[in-house]
Amino acid sequence: MQMDARFNSESEAYTQFIRTGFPPPSDISIEGIRQRAEKLHEKINEKLIGKFKGQETEKIIKINGDIKIPVTIYTPVNVNKDKMVVFFHGGGWTVNSRKTHQTIVNMLADATKSIWISVEYRLSPENKFPIWLDDGCEVTRQILANKTSYGIKIVRLFLSSHILFIPGGDENTKVGVAGDSAGGLISAAICQTIKNLDFQILICGQYEFYHDAPSRKEFDKPIYVIITSMLDWFASNAFSNESDKLNPRVALLRKNTINTTIPPCLFIVPELDPLRDDSYKYQEILEKAGVKTRLVLIKGAIHPFFSIPVYLSRRLDEMQMDARFNSESEAYTQFIRTGFPPPSDISIEGIRQRAEKLHEKINEKLIGKFKGQEIEKIIKINGDIKIPVTIYTPVNVNKDKMVVFFHGGGWTVNSRKTHQTIVNMLADATKSIWISVEYRLSPENKFPIWLNDGCEVTKQILANKTSYGGDENTKVGVAGDSAGGLISAAICQTIKNLDFQILVCGQYEFYHDAPSRKEFDKPIYVIITSMLDWFASNAFSNESDKLNPRVALLRKNIINTTIPPCLFIVPELDPLRDDSYKYQEILEKAGVKTRLVLIKGAIHPFFSIPEYQEILEKAGVKTRLVLIKGAIHPFFSIPATFLLQMDPRLGDEARNYSLFISQNFPVPKPFTLQAMRERSENVNRKANEKLIGTFNGIEEERQIKIDDNTEIPITIYTPANANKDKMVVFFHGGGWTQGSRKTHQTIVNMLADATKSIWISVEYRLSPENKFPIWLDDGCEVTRQILANKTSYGGDENTKVGVAGDSAGGLIAASVCHTIKNLAFQILVYGAFDFAYGTESCKEFTSPEHILTPAILAWFSSNALRNEEDKKNPRASVLLHESFEGLPPCLFIVAELDPLRDDSYEYQKKLEKAVVKTKLVLIKDVIHAYFSLPGIYEKACGQTIEAVTEFMNSL
């Protein structure tokens, strides 16, 4: 019942809320559970209920003569007539209603400016399949045929000549369907039945009623809310018999033919949902049929997220990563920890130099990308003070707007140079002139000098727009991040006639009473209160300066009524977050137009990371400044690309491998078995390309017939000057699903050369085409024949025969030793010895850079095994054997940062207890899968080859 570390904060908060606020009901009747569902949604969404400003219209649609299906039509303010959505709620066809989903449907109607029609289809078990689906089809058919009936109505007001127009659909309105969970299936099935629909939106839908998919197995725990036993209960309510579950109207993953008129489809998929893989598979089916699709994965979310839009936050312990961090925030934090530790020179100058190097390193791939014009200029203020500025004029510039920009850095560090990349990108994106100002820094120039610099520069630019590339009609605004955000805000309190302000994670108060100052006062959030105090001690001469109304903007009693509209950009995980919330409140009370947008998962340095721009674009927000949810403070000036959050323990070779994979071999789309196998071969070929063909011995292809119908291919590698004293039968890794003699050819060549022994690589049959015990029986029979006919494979009667394998092949080798007598040794390279995957290392190493994530392990297991019982079979999970006596000597090769690491530790203990000779070699700083990649892991593979050679020589 522990939380999954992948949960985002909303998933954790929802789970905690259910545990503490909504325990299992005492009344477990259908009606009791339905009432609980309504109360749950009402409680969680209470702050959002009643926010919808549009019109809600109740209507009855008659189907099949006398059946009445209630619907609610949600028409938002300023509705567009171009689209209309027929919505079907989730709830396992058993619970929930229009009422449970009212809040999210309201929000969708508001956001899309479209009419949404929520349908109260009849629930099971009172109304089993196909009733609930027929309800959906018939309601959709009637709405599609009578769009205007769900659109404009003309109502004459009582005793008045006034007419009220209620806007809605017309003949040209596009109609689509949408639904979540059970409603997702209804929507998808409707699109298989009814022609002329224009789109479908399927949210965490269920399209299969059996539990073979990896996600069904991986997330079959109460913490994920929807478990397989609950899915079975829903299905028992929804269907009359087993054959109904296979009906092609609902078993959409089993359909052989797809309706060619199916409309484009958007899939919304929670990452940690038992039904996740249903969407992956159905998307694959639709795309093969030529249907346009898009799939959006909601990271860290669990199944019921959709109908619970309220945001619930939480905290983590002091030095742990905050689960709300997005990948860029984690990567930035990790980069700072490992690539830029605290400077040895802690002078002001040393810290400034470090800041410039940091930005230069992180942004190196983006420097020089700006195609516009950069002009250096000096603005003289107060007679003889020279303030440098850089004017960035993009290609195809519009002259309608000009932005004066002030960089962040606690009024102490940073410069135009540190923020050049992000300002370039903003100029390009907005097609506007951006002018970056080099105001004088503290402590050399304390308040009010840096603020006066900003005011005077802005004043001159505003008075001389044509000198900076604008014209008389150009609108001028200010922008800044952090310390620069305060400068920008303070300028707007002083100077009239500015047209807008953009304030990015600004600081408007110098004391730490706000909740966000306390919540994020930990080193992991980069900007902590002690650092804010250090910046303030540089920026101000005394305490009274901190209370000066020019800068203590949250304490002002009177607000300048000429303040321009303001856009706030606020990182969610920033100590300064609440400063923006409070300042927005003050401005709005003064009648200033504001907007605040939150970007989830970012930390303070996030804004200048291009991936955030991409996230915003995907979310439909064109490149403009927004409130950043999930960000921590130094985000604004770091537009770097981080492909992975790296474990700091990874050695150089493991890091190089992670970058090699992320840059060259992303997970294939669509995610198919064949695509993964081809990717595996391509990875090994590319990584080892410089070593291929360097084997000087003899390679011989053969077939070993193991029964009347089956021949197993093998390759015999006989090195130059081979000794005939030992022979190794080798089984490659790859999760029993991928990998081949070809993927492991390079490392086997090198082992044969180093040990001067014959190595025989076996092409056992792969799953899922050949599930357990086939691949193991192949290994046993091949080994038995080689052992019985050593001279046929290059040995003699005295040749010692052993087995070896890595990962999945390590298990095969280990299990072969339990079956076949007279083997002389075994070499097990990070083997998987128990399909339970319950060790501490399996729990510790779950990130993508560790390769074998829980999802991958579950996928391999689902391919390799027939059922749950196979996991308990000692032939598959060798740790479950009762006896380990009489096994041959064993060499364990173990990767330090591997989920399977502890399998080797446990198996070694079992062997040693049985007085089997063992040796274990730990390869430091590496992850799983290094063994077959000597082209990248030169050092690690060198250590492995040395250990194998020493072990074999000792026998």
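Biologist: What should I know about the model before we start?
Modeller: It is predicted, so local features need pLDDT of at least 70 and side-chain atom pairs count only at pLDDT 80 or more, while totals for chains, interfaces and linings use all residues. Residues are numbered from 1 along each chain as its sequence is written, and side-chain values use heavy atoms, with hydrogens and water left out.

Biologist: How many aromatic pairs are there?
Modeller: The count is 42 aromatic pairs. Rings of Phe, Tyr and Trp (its six-membered ring) pair if their centres lie within 6.5 Å; planes under 30 degrees apart are stacked, over 60 edge-to-face, and the rest tilted.

Biologist: Which class do Trp 534 and Phe 535 fall into, and why?
Modeller: Their ring centres are 5.5 Å apart and their planes stand at 45 degrees, so the pair is tilted.

Biologist: What about Phe 835 and Tyr 837?
Modeller: That aromatic pair is edge-to-face, with 6.0 Å centre to centre and 65 degrees between the planes.

Biologist: Are Trp 534 and Phe 535 buried or exposed?
Modeller: Trp 534 is partly exposed, with a relative accessible area of 32%, whereas Phe 535 is buried, at 11%. Buried means under 20% relative accessible area, exposed over 50%, and partly exposed in between (1.4 Å probe, protein chains only).

Biologist: Which residues do ring pairs link into a cluster?
Modeller: Trp 93, Phe 129, Trp 132, Phe 209 and Phe 239 are linked in this way.

Biologist: Changing topic, at what angle do α23 and α24 pack?
Modeller: Helix α23 (residues 774-788) and helix α24 (residues 808-819) pack at about 60 degrees, with their axes 9 Å apart. Axes are lines fitted to C-alpha atoms, for helices over the stretch in contact, and angles run from 0 to 180 degrees between N-to-C directions. Helices (H or I, at least four residues) and strands (E, at least two) are DSSP runs, numbered from the N terminus.

Biologist: Which residues of α23 make the contact?
Modeller: Among them are Trp 775, Gly 779 and Arg 784 of α23, and the α24 side includes Leu 811 and Ser 815. Contact means heavy atoms within 4.5 Å.

Biologist: Where is Leu 275?
Modeller: Leu 275 lies in the loop between β9 (265-270) and α9 (276-288). Leu 275 is buried, with a relative accessible area of 1%.

Biologist: What does Leu 275 touch?
Modeller: Not counting residues up to four places away in sequence, its contacts include Ser 181, Cys 204, Ser 215 and His 303. The C-alpha atoms of Leu 275 and Ser 215 are separated by 6.6 Å, although the two are 60 residues apart along the chain.
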